[in-house]
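Q: I would like to learn how to read the features of a chain from its coordinates, going from the overall fold to single bonds. Could we work through one case together?

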Amino acid sequence: MNKMRALRQLRCRLPSTRLLALLLIVLACVIYCFYYNVSPISYPKPSKNAVSDNTGLGEVAYQRKSPNREQELEQCPLVREMEADIDTQVLYPSFEFQPSWLRSKEFWDKKFEDRYELLRMDRQRLKLKVIVVPHSHNDPGWLKTFEQYFETKTNHIINNIVHKLNQHLNMTFIWSEISFLHAWWERAHPVKRKSFKKLVIDGRLEITAGGWVMPDEACTHIYALVDQFIEGHNWVMTNLGVAPKTGWSIDPFGHGPTVPHLLEQSGLEGTIIQRIHYAWKQWLAQRQIEEFYWVTGWEHEEPSMIVHNMPFDIYSIKSTCGPHPAVCVGFDFRKIPGEYTEYTAKYEEITERNLPGKARALVEQYRRIGSLTPHNVVLVPLGDDFRYEHGVEFDAQYANYMKMFAYINSHSDLHAEVSFGTPADYFTAVRERHNDVPTLKGDFFVYSDIFSEGKPAYWSGYYTTRPYLKILARQFEHQLRSAEILFTLAWNSLAQGGHDGETCRRRLDKSYEQLVAARRSLGLFQHHDAITGTSKANVMSDYGTKIITSVYHCVRLQETALGALMLPEHAHAPQGVLQSETEWEAYGEPPRRLRVSLVDRKRVVVFNSLAEERVEVVTLRSNTTDVRVFDTRRREYVPSQVAPIVDVREDGRRVLSDLEFEVAFVATLPPLAAVTFALEEHVDTSRLCAVYCDGCDARSDGKPHRYPVQKMKPGDVQIENSALKLLVDRNSGLLRQVQRKDSRHRNVVEVQFGAYRSAQRHSGAYLFMPDYDDPEREDVLAEYTSGRADERIIILAGPVFTEISTAYLPFLVHTVRLYSVPGTPLERGVQIENLVDFESPPKNRETELFMRVQTDLQNGEVPEFYTDQNGFHYQKRVKVGKLGVEANYYPLTTMAWLQDERTRLTYVTDHAQGAAAYEPGRLEVMLDRRTLYDDHRGVGEGVVDNKPTLLRNWLLLEPLAPAPEPAYELPSRTAERLSRALNYPAGVFLVDSGEGEVAVRSHGAFSRGFPPALHVLNLRTVSEDAPEQAPSREAYLVLHRPGTSCSVGDASGASSRFTADSAFGNLRLANVTAVSLTGLRRRKSLAGLRDIELKPMELKTYRIRF
C-alpha cells in the first residue's frame, strides 16, 4: 500500500525547474531549425556548372589572367588617416545647438564685444587692412532658366563691368560663372572682349574658381566636378590667357573637402567658403580661426591652399560688412526707381554732413570683423544675387564707398586702410601677416541656418530632391565619358591610319562640337541649384531637356566612333550600322530599348569603358525565346537565360508578355575593349526561367506560356547562389536575412519601407523637416496592398540570376536579385531595384519616402556609419542625439556603410541621396520626396513634379578583419568595383544588317598593359585654340587610384604601375606631360606612360599627344 502511494506520488510530481528550462531550450532549437531550414521554400538554384552552356563546350571559368611579369600583384596598400588640428567629426557633436542668441540670429554677444574693445585699444595690434570685393552672384538657372537670366540680367551685368571699371579706375570686380561669361563672349564685340581681357590681365577683374559653374558640393560626383573645372579653366586660359588663382564658393549649401582639394590640385592658392552651420560660425569666430588648411582624410602631402570662411550668415551686403545686419543694411547704396526693399528704406547717400559718422560706423563694423582674426585683414564682399545689372548701382556704390574710403584712410586715428580689391589681394595680405594657419579635416555637412526664423533649419532635403534628375545626370556622365574615350581613340586611330578613314573622320569632326556642348551641359547641371533639384519646376525641366539632348548626341557619337574602330570597312559602311540598345528620347520618359532580331539585329557589340577586366550580365530585348549567345572573341557560347517581360495592365494586374522577352547573358570584357557577341537561333528549354506566380498561369488567348509557370509555394522564400543565401518574407517580398556561405554566418538584414510626413512650410526643396506631431508613416505601403499577397510577387529563377519582384502598384515595384556568376563581384552582392511612382499630386502629399535596412550589426550605442563624398572621400558619421533625424541625414554619392567588429554592410547607389543611421544597426536612405509647400528659401514653390524613377542599388555583406594599425576607413575592393560597374555599365550596341551584311571585328582591344588598380576617370580630347571647337591630337588622361580597405572582404592587391608595353592599343604616343588637375600648369615631362605613378587616393592629369 505504501509502495503504491509512493508510486502515485512520484507519478504526479511536477518536473523540476531545471528540467523545464532544458525542455524549453530544446524546443526553441527545434523551432529555430524548422523555421530556417524547413519553412523557407527554396526555389531552384543554379547547379555548380550553371555557368557553362548546355552545348557541351565545357565550363567557363571567370578567373583573371596571370598578370604581366612587370605588373606583379601588389600587396594591399594601407592608407593611413591624416592628423589635423581640427577634426570636424569629433568636435561637431559637442556643440551647443540651442544657444541663447538663437532668437537674435547673431552670435555676436558681450564676450565678442569685450574682446573687440580690448583689441581696439591695443596699440601694438597690426593696422586694420580691409579689402572690399564687389561681386554679383549669378545663378545659371534657379527662378528662371539659364537663357532667361542671361538675357534679362547677366548680359547687362558683364557689359556694365567692362564699361564701369574703365570709368571708375579704383574699382575692382570678380567673376565666377564661366558658363555665363562664355555666353556673353560669344555675342560681345571684339572691342569689348579686348577690354574685358585687359581688366583681367591688369588684376582689376579677377576670375575666381573658374569652373563652368559654382558647383554643389553634396550631390556632385567626382567625374562631373573635375570635368566642369577642366572646361572652365581651359576656356579661361584660351580666351583670357590666365589661370585662376583663388576660389569663390559662397552659395553651395554646406561644404566638403573635395572641391578645395580639386582647386589645390589645379594650382589655386586660396579659396573662400560661406554656408556652414551656425554653430561652426560661432566656434571658429570664438577662436579667431577664419583661415585653415583643409586636409584630406588620408595622409597626403602638406597642403598649400588657404581656405577662408566668411564669418557671417550670407554673402549679401546686409551680412558682410560686420556682425550687425541692422547696421550693414544702411551701407547698401543700390537705389533703382520702382524698387522697394529693406535697403532702399534705409538708403542714405553719403554727403559732407554725414560722412564722418557713416565712415566711422562702417570702419567699426570692419574692425569687429578684424577682431575675429589674428592678422587683422578683412575681406568684405559687396554685392548680392544678380547685382550691378544697372549702371547707376555701379556709380552709387563706387561714389559712396570711395568717399568713406578716403575719409578712413586720411584719418590716422582710425588706424585703418580700406580699398577695393580682389580675393587674390586678400590672400596675399594674409600670407604676409600670418603663417600660423591650423589644419582642418572633415566637412561642414549638414548645413543649418537660423536667419529666416531664428530657429535651426537643416538643409538635408536637397540631398534627395528630384531623384529622377539625379539619376539622369549620372547616366549622362557615363554616356559623356564613353563618348570622350571613344572619340579620342577613334579620332587618333583614323589620323594615324592614313586617308582611308576620311569619311568617318569628317563625321567625327562634325560631332566634336556636340561633344563640347555636352561637356558644358553636364557642367551646367553641377550648379548648386541644378543637381540639387532646388530650382523651379520649369527650370528643372529645362535642365532635363538639355541633358536628354546631350545624351542623344553622346550616344550618336559613340556609334560613329565605335564603328570606326570595330567595322573593318567603316569608310564604306552606311551610317547607323551600330545602334545603341538604349535610347533616351524625352525628358521624364523611361529610356526605350531596341529589340534584337535573328534576322537583321543578331550581333551585339559590348564596350567596356573601364581599364580593368570585368564580367557583366548584359540584358537584351528579344521577340523570341529560342536564342543562344556566342562570344566571337573567346569562340564559345556563354551562359544565358530567357525571361518574360512583365507588363502592367490598365486594371493594375501584372501579366507575362508572350511577345517580348529578356535575354540575359554573361559577358567577359577585357580592359578598355569592345567584344562582339552573336545571337543564334537555338531551342533549349533549360535556358528558360522558371516563373513562380499566382494568376500568371494562363494567357489571354488561352494558350500555354512558352516557359514553365508554377504556383507560389507556401512559406518564406529562400534563394541562393554559391556565395549567399537570402531569406525573403513571403507576404511582403522584402529581404529578411542574408547568410554568407564562406562563414555560415547569418545576419539579420531586414528591408523596410516607410515615410516621414513633411512639416508644412518647413520641409521643401532645400530643407528636410518631419512633422514631429505625426513624424513617421510605417504603413506607407498599406493602401497599395489590396488583394492577396501572392498576386503581388513574381519569382524568376534562371541559370544566370534569380529575382523576386513585388508590386505595390502603382507606388512601388521592389526587386531583389541574386546573380550566379562564380568568382565575380556580381555574386557577392544583393542587387535591389526600386521603381517609385508618386503619381500626380495631390497623391502622396507631404511624403518623404525612405528604404530602411535594419540589421543585427552592433555599430555602437551611439550609432556610427560612413558615407562617401563625391565618390572620392569617405567620412565617418556619428549620431548627434540632441538633434532630430533631419540633422542626422547626410549626403552620399556612391555608397554608405555601417559595421561592427566582425561584419560590414555596404549600400552602393547609382545617384546622390540622403542617408542616416539614426538607430543602432539601421541604415536608412531617402528615395523620393513630395512637399506641397515652399520652405521659404527662395524657390517659392513645393516639389510636386515627381517622375516615375528606377533606383538601382547593391547591398554587400562582408567579413571585417582587425586592421593591423589604425587606417583611413575605405570601401572594400568588391564595393568599389560594384560601384564603378553601376556608374559605368558596359555600352551595348546592336549591329543593324538591314541594308546588307556588315563585317564586324570579333573584338577591339584599345589598351595594353594598363594597371587594374588605376581608374581612367577620363580621356578627354583637348580642343584647338582656334577654332575653339576643333579637336587636336592631344588629350587629357585623368587617372584616379581609388583606395580600398585591407581588412574588409577581398583585400587582394592589384598592380598600379604601367609597364614598358603599356599603350592605347596600337596608337603611338609622341609625348606625355604631367600637368595640374585641369591641365593649365605644366609639372613634368615623362618618357612615356611607364613613368606615371599614383599613390592610393591620388587623382592626377597627364597631357598626352598622339
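Q: How many of the 1106 residues of the chain count as buried?

A: This is a predicted model, and in it 64% of the 1106 residues of the chain count as buried. The accessible surface of the chain comes to about 41700 Å², and 50% of that area belongs to carbon and sulfur atoms.

Q: What secondary structure does the chain have, and how does its radius of gyration relate to the globule rule?

A: The chain holds 20 helices and 52 strands. Its radius of gyration is 32 Å, close to the 32 Å that the globule rule gives for 1106 residues, so the chain is as compact as a globular protein of that length. Along the principal axes, the C-alpha trace spans about 115 × 105 × 60 Å. Of the contacts between residues at least 6 apart in sequence, 77% join residues at least 24 apart.

Q: How far apart are the mean positions of the positive and negative charges of the chain?

A: There are 133 positive and 141 negative charges in the chain, and their mean positions are 2 Å apart.

Q: How should I read the disulfides, and how many does a search of the whole structure find?

A: A disulfide is a covalent bond between the sulfur atoms of two cysteines. The search finds 2 disulfides in the whole structure. One is formed by C76 and C1046, whose sulfur atoms are 2.1 Å apart. This pair links distant parts of the chain, 970 residues apart, with C76 in the loop between β1 (41-42) and β2 (86-87) and C1046 in the loop between β49 (1031-1040) and β50 (1071-1075). The torsion about the S-S bond of C76 and C1046 is about -90 degrees, so this disulfide is left-handed. C1046 is partly exposed, with a relative accessible area of 27%.

Q: Are the cysteines of the pair C321 and C328 buried or exposed?

A: Both C321 and C328 are buried. Their sulfur atoms are 2.0 Å apart and form a disulfide, and this link is left-handed, with -90 degrees about the S-S bond.

Q: Turning to the backbone, which peptide bonds are cis?

A: Most residues other than glycine have a negative phi, and most peptide bonds are trans. Cis peptide bonds here include the one from L809 to P810, with omega near -5 degrees, where P810 lies in the loop between β34 (801-808) and β35 (812-819). The peptide bond from P841 to P842 is also cis, with omega near 10 degrees, and P842 has its place in the loop between β36 (829-836) and β37 (847-855).

Q: Where are K105 and H936 found in the chain, and what is the phi of each?

A: K105, although it is not a glycine, has a positive phi of about 70 degrees; it is found in the loop between α3 (88-91) and α4 (110-121) and counts as partly exposed at 29% relative accessibility. H936, another residue other than glycine, has a positive phi near 60 degrees. H936 lies in the loop between β44 (922-930) and β45 (949-959), and at 47% relative accessibility it counts as partly exposed.

Technical notes: Residues numbered from 1 in each chain as written. Predicted model: local features only at pLDDT ≥ 70, side-chain atom pairs only at ≥ 80, totals over all residues. Heavy atoms only, no water. Helix = DSSP H or I, 4+ residues; strand = E, 2+ residues; numbered from the N terminus. Rg over C-alpha atoms; globule rule 2.2 N^0.38 Å. Buried < 20%, exposed > 50% of the residue type's maximum accessible area, 1.4 Å probe, protein only. Contact = heavy atoms within 4.5 Å. Areas by Shrake-Rupley, 256 points an atom, 1.4 Å probe, with all protein chains shown as cover. Lys, Arg positive; Asp, Glu negative; His and termini not counted. Charge placed at Lys NZ, Arg CZ, Asp CG, Glu CD. Disulfide = S-S within 2.5 Å.
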